[in-house]
Amino acid sequence: MNRFPVILACAAALALGACTQDKPPATRAADTGGSLKGDFGPPRGEPIKAVLTSPPHVPPATNRNYPAKVIVELEVIEKQMEIAEGVNYTFWTFGGTVPGSFIRVRQGDTVEFHLKNHPSSKMPHNIDLHGVTGPGGGAASTFTAPGHHTQFTFKALNQGLYVYHCATAPVGMHVANGMYGLILVEPPEGLPPVDHEFYVMQGDFYTVGKYREKGYQPFDMQKAIDENPTYVLFNGAETSMTGPNALKAKTEQRIRMFVGNGGPNLVSSFHLIGEIFDKVQYEGGTHFQENVQTTLIPAGGAATVEFHTEVPGNYVMVDHSIFRAFNKGALAILEVTGPEKPLIYSGKQVDEMYIGDKVASLAPVAAAATAKESGTLTKEQQIAAGGVLFKGTCSTCHQDNGAGLPNVFPPLAKSDYLLKDPRHAIEVVLNGLTGPVTVNGNTFNSVMPPMSQLTDDEVANILTYVLNTWGNSGPAISKQEVAKVRATTKRPEGAAH
């Protein structure tokens, strides 16, 4: 056996190891993918004030090929806003929105971060940015009392999409009240251009009142500890990206969404119905997966998703833990306009099965709630609110025109069954109905599931609409009447309220 090649190989290996040891630390880090690959030296040029945007908008690309000093100024504001139509909640915000302002910098930038806490705030706050290399992500450096201002500096060493959040005790309460957002650290070469970039962030919220229970709703700490959210929402409100607030795009466009999950508790199963993600940078990192239907986003994590629009229509974003979408609010809409493409897809542009009441404004619901609070609610306002709610709850089976489905679901229009005893309809909605019923001389034998998840005023408004539409002429149903029927109905422990 010739040992000479073996000796040469061993010598080469030793030499390579010696060369590696002689390399400066920054070079070794670049070889291994360590964070020092993002240290491109001191900032150059004049300081740059960061452009911050409110959701769903994204700041423009940095368009720089050098590290800069970037000044970020963010203010904490505690404010009451709508979490759903007619439902108010006190949010704690970064920049006045939930999620907080989107921050965009370049890898290697030195970020001078200023945190202000508005004088009207009741609580101290701070910020932990997951894109910071350093203990607490800046939390200890930014503990800020109401009316005060703090500052610290960090270098953005790692490219990626990172969550930031408040980390003041009790941390869970601060996050649950909406104190989170995203910071994008662009790679040195920037991101490939696309037609639209959107900022979407999921969060779970815990209110004392039930889902869609009107009026002011305070935070419920026990629900949060039990991880039993009242709402699961995109961008802090049930209507943040539905109806007139839906995202807009055209066919033949490339879309990039920066999607985060503030939590504080739930993992998101992010899905866009009717689209497939061409590319997903999972966990907000640098690697990507292709042709993805649904991507998991952990609490305190993020993902960048990209796709190409082909067919016009309304595309529904959901957390595919599906009860969260249709019963807790985790639903948003992307409206895509453009020419039909029947060779790719032939079907309805608006799929009522999924969208329901989200395709229109829920303003009549809020108007009815406000009138109810002031004691001025009219029958006409109830009918208007009930018509919107009917689309999202009842129209799939009973149809928009109240005609039902022959031999399957009975008609509501000119229904002798309903008009004979209108208040019996409350029991049907709350408790369901099984077995044969005769309506207008025809027998129907199907199942009406209980809709007891609806609030009392929702049931009242829907029934008032049904009893006074399509040729029906009936009374207005009051919230108090619904509450009385609900109170007399015994339900097993854990059943819908």
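Me: Hi! What share of the contacts in the protein with a separation of 6 or more comes from residues 24 or more positions apart?
Reply: Hi! Such residues account for 68% of those contacts, where contact means heavy atoms within 4.5 Å. This is a predicted model, so local features need pLDDT of at least 70 and side-chain atom pairs count only at pLDDT 80 or more, while totals for chains, interfaces and linings use all residues. Residues are numbered from 1 along each chain as its sequence is written, and side-chain values use heavy atoms, with hydrogens and water left out.

Me: Okay, how many helices and strands are there?
Reply: The protein has 13 helices and 23 strands. Both are DSSP runs numbered from the N terminus: helices are H or I with at least four residues, and strands are E with at least two.

Me: And how much of the protein counts as buried?
Reply: Of its 497 residues, 50% do. Buried means under 20% relative accessible area, exposed over 50%, and partly exposed in between, using a 1.4 Å probe and protein chains only.

Me: Let's look at β12. Which way do its side chains point?
Reply: Tyr231 and Leu233 point one way from β12 (residues 231-234), while Val232 and Phe234 point the other way. All of them are buried. In a regular strand, side chains alternate between the two faces of the sheet.

Me: How does β10 run relative to β12, parallel or antiparallel?
Reply: Strand β10 (residues 196-205) and β12 run antiparallel, joined by four bridges. Two strands pair if DSSP finds at least two bridges between them. Phenylalanine 205 has tyrosine 231 in β12 as its bridge partner.

Me: Why is the pair of phenylalanine 270 and phenylalanine 277 called stacked?
Reply: Their planes are at 5 degrees, with ring centres 6.0 Å apart, so the pair is stacked. Phenylalanine 270 has a relative accessible area of 0%, and phenylalanine 277 has 1%. Ring pairs link Phe234, Phe270, Phe277 and Phe307 into a cluster.

Me: New topic: where is threonine 53?
Reply: Threonine 53 is in the loop between β1 (48-49) and β2 (69-84). At 14% relative accessibility, threonine 53 counts as buried. Leaving aside neighbours within four places in sequence, threonine 53 touches Val58, Pro59, Ser101 and Phe102.

Me: Last one: what do the buried residues of α8 pack against?
Reply: They pack against α7 (363-374), α9 (395-398) and α12 (456-466). Among the buried residues of α8 are Gln382, Leu389 and Phe390.

Methods. Phe/Tyr/Trp six-rings, centres within 6.5 Å; stacked < 30°, edge-to-face > 60°.
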